[in-house]
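Thanks for sending this one over. Please have the viewer open as you read; my notes are below.

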Amino acid sequence: MKFEDIQSLDNQYIFHTYPRSKVAFTKGNGARLYDTTGQEYIDFGSGVGVCALGHSHKKIAKAIKKSAQNLLHTSNLYYIAPQAKLAKRLIRYYHKGSSNKEELRVFFANSGAEANECAIKLARKFGEHTNGSYRYKIITLDSSFHGRTIASLKATGQDKMHKHFGPYPDGFVRAKSISDIKNVIDSETCAVLLELIQGEGGISSMDKREVQELAKLLKQKDILLMVDEVQSGIYRSGEIFASKVYGINPDVITTAKGLGGGVPIGACISNKIDVFAPGDHGSTFGGNFLATSVGLKVLKVLERMRKDGELEYIISYFHHKLESLLHKYPKIFTNKVGIGLMCGLETKDLSIQTKVIQSCFLSRVLILKSGKNVVRFLPPLNITKLEVDEGFYRIEKALETFR
Ligand SMILES: Cc1ncc(COP(=O)(O)O)c(C=O)c1O
């Protein structure tokens with residue numbers, strides 16, 4: 001199908017909720033994508049952090065095929081072996097190398113927003129139960145992003161997204177920063193929900209010491225610490241969860257994106273193992289055979305890469321390349337941000353951010369925006385050195401047009 005035909009169909013039949021780039025991809029391989037005319041792109045965005053193992057990964061394809069030929073879905077009314085195994089593997093890898101081996105439980109959903117909805121409901125029920133008091137308030141941070149459902153949107157700390165869709169559910173309270181959280185806690189607070197690295201809000205990383213102090217304070221006050229790892233989770237930070245990099249044990253971790261390598265899945269993991277009872281929460285598709293069989297494969301491949309040092313190697317190589325760009329183009333970039341393969345370069349302003357992304361697109365490298373002035377890189381975690389080199393070579397070509 002020609003691009004123009006796809007575009008015209010899209011114009012006629014799809015809600016225009018996305019500002020799309022003028023391209024349609026027809027196939028992919030590793031960190032490379034091919035468009036309708038056969039042009040090849042280097043994918044430094046992984047479908048916004050989803051394709052953790054790049055495109056057309058053989059093991060993922062095999063897992064999908066096997067599931068399709070065997071069972072895709074039965075519903076959560078029956079036991080699902082790969083769902084139980086995936087939960088076990090998530091917890092096992094999370095516990096690896098840590099002295100904290102507390103009991104955890106997992107609920108599987110289909111997306112990040114849904115994983116956060118699960119966390120919000122868990123926090124509310126937890127707050128209703130403890131010490132005979134009724135606590136329902138959830139504190140979130142300025143510039144955060146937690147999803148597009150009505151509750152996760154209200155939790156999102158970006159007022160510009162709240163226009164048009166109210167009234168919203170009560171009980172979401174905003175803090176300006178980690179250090180401001182203590183000022184907004186009151187007797188009705190049941191949880192704090194935050195990203196350790198704000199993915200949509202400018203790849204801004206929270207301060208480790210402040211986060212650890214907050215974790216201590218919340219424990220003393222019996223308030224849940226809930227970390228949204230929808231973007232930072234599943235080895236994007238170099239560890240299975242960025243919470244490990246920060247040395248904290250949150251009460252709730254939500255994750256999604258990379259876990260399915262492109263197949264929709266979300267997960268909410270918590271140490272509050274007795275809060276939910278049958279009927280409290282559910283999802284028709286959540287945790288089905290297809291999604292969890294693929295999730296098992298993705299985790300296995302990534303844990304092996306972490307163990308073998310491959311992940312660490314490619315992360316440091318990618319950062320070295322970012323560092324070189326930063327030094328070579330001081331009129332464009334002002335700072336390197338992020339951790340692992342959730343990283344970016346701050347640009348001088350919004351207009352430069354837009355121009356860099358557009359020029360890179362014309363040079364056939366896909367990068368993403370974040371916040372007001374950051375160009376964001378979320379490459380596949382198994383990207384090769386050759387693909388990294390090719391991508392940065394094309395970025396430099398694009399930046400030459402700036403001179
Ligand atoms: C930190 C974070 N939370 C939640 C979400 C929402 O996830 P989804 O779009 O899968 O609902 C995103 C998506 O970008 C995210 O980055």
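1. First, the ground rules. This is a predicted model, in which local features need pLDDT of at least 70 and side-chain atom pairs count only at pLDDT 80 or more, while totals for chains, interfaces and linings use all residues. Residues are numbered from 1 along each chain as its sequence is written, and side-chain values use heavy atoms, with hydrogens and water left out.

2. The ligand shell. The ligand is surrounded by 13 residues (a residue is near if one of its heavy atoms lies within 4 Å), and Gly112, Ala113, Asp228, Gln231 and Lys257 are the closest. Helix α5 (residues 112-129) supplies the largest share, three residues; helices here are DSSP runs of H or I with at least four residues, strands are runs of E with at least two, and both are numbered from the N terminus. By type, the shell has three nonpolar, six polar and four charged residues, with Gly counted as polar and Asp, Glu, Lys and Arg as charged.

3. Which backbone atoms come within polar-contact range (a pair of N or O atoms within 3.5 Å)? A polar backbone atom of Gly112 is 2.8 Å from a ligand oxygen, and a backbone N or O atom of Ala113 is also 2.8 Å from an oxygen atom of the ligand. For Phe145, a backbone N or O atom lies 3.3 Å from a ligand nitrogen. On its own the ligand has 390 Å² of accessible area, of which the protein covers 82% (Shrake-Rupley method, 1.4 Å probe).

4. Helix α4. Gly97, with a positive phi near 70°, follows α4.

5. Helix α11 and Val388. Among the buried residues of α11 are Ile314, Tyr317 and Phe318, and the cover over its buried residues includes α13 (385-400). Val388 lies in α13 and counts as buried because its relative accessibility is 0%. Beyond residues up to four places away in sequence, Val388 touches Phe44, Ile314, Tyr317, Phe318, Lys321 and Ile383.

Conventions
A polar contact is a pair of N or O atoms within 3.5 Å; within protein, one must be able to donate a hydrogen and the other to accept it, and residues adjacent in sequence count only if both atoms are side-chain atoms. Buried means under 20% relative accessible area, exposed over 50%, partly exposed in between (1.4 Å probe, protein chains only). Contact means heavy atoms within 4.5 Å.
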